Amino acid sequence: MLLWLVVLFVGLPVVELALLLRMAEVIHWGPTLGLVILTGVVGAGLARRQGLRTWVRVQKDLAAGRVPASEIVDGVLIFVAGLVLITPGIITDACGFALLIPPIRGFLKRKAAAYFRSRAAVMHCEMNVRADAEDQFVDVEVRTNGGRHEAEGDQGGSPKEARRESPIVNPQSSIVNRQSSQPGGELP
């Protein structure tokens, strides 16, 4: 990992500088500087335009109740493209413009998803939520791999005692807290 960081932050700028100097020898400094400025301005404009389109798609998905995972990854890749496009250089400009091409972004998203899927551990989790009519609290029972995970101190007893010991979720404020059982104490 350290080697990749050294190559990225030391080796790449050296190569970029050498390419820019070589280009300046071939086509002179004026056109080279103009090309660097032009690719930065055009690249930033394209990244802004695609970023705004992606933002609109994210908003539409959220309004429809869908998780905009693909659009968020697109947004991150477009942001990276914008960053490397405003960096002077030939290699970074090529990478930045490549990230602005949707099929290339799609390919990178599939590769990244496959990479993370191969390294992720997925557990099945099932939740049962019950609300009592007399109060505003919700009792939550979590089942993982078929077994019940007990709340701390929940050793059985009456349902009211178990409810006092289990996590309590207030649906109005989305705050989870644990009520302690006090002898003779009642739930609010």
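A single aromatic pair is present in the structure, which is a predicted model. The two rings belong to Y115 and F116, and because their centres lie 5.2 Å apart with the planes at 80°, the arrangement is classed as edge-to-face, the cut-off for that class being an angle over 60 degrees. The two partners fall into separate classes of accessibility: Y115, with a relative accessibility of 43%, counts as partly exposed, whereas F116, at 54%, counts as exposed.

Helix α4, which spans residues 90–99, contributes T92, D93, G96 and L99 as its buried residues. When the helix is viewed down its axis, these buried positions fall within an arc of 125°, and they therefore line one face of α4. The elements that cover the buried residues of α4 include α1 (2–27) and α2 (29–63), together with α3 (69–85) and α5 (102–119).

Two of these helices, α1 and α4, also take part in the second largest pocket, each supplying at least two residues of its lining. This pocket, with a volume of about 210 Å³, is lined by L8, F9, L12, P13 and E16, by V84, T87 and P88, and by I91, T92 and C95. The greatest share of the lining comes from α1, which provides five residues.

Definitions and conventions:
Residues numbered from 1 in each chain as written. Predicted model: local features only at pLDDT ≥ 70, side-chain atom pairs only at ≥ 80, totals over all residues. Heavy atoms only, no water. Buried < 20%, exposed > 50% of the residue type's maximum accessible area, 1.4 Å probe, protein only. Helix = DSSP H or I, 4+ residues; strand = E, 2+ residues; numbered from the N terminus. Arc of directions from axis to C-beta. Contact = heavy atoms within 4.5 Å. 1 Å grid on protein atoms, 1.4 Å probe; cavity = no way out; pocket = protein on both sides within 12 Å on 5 of 7 lines; lining within 4 Å. Points joined across faces, edges and corners; volume = space filled by probe spheres on them. Phe/Tyr/Trp six-rings, centres within 6.5 Å; stacked < 30°, edge-to-face > 60°.
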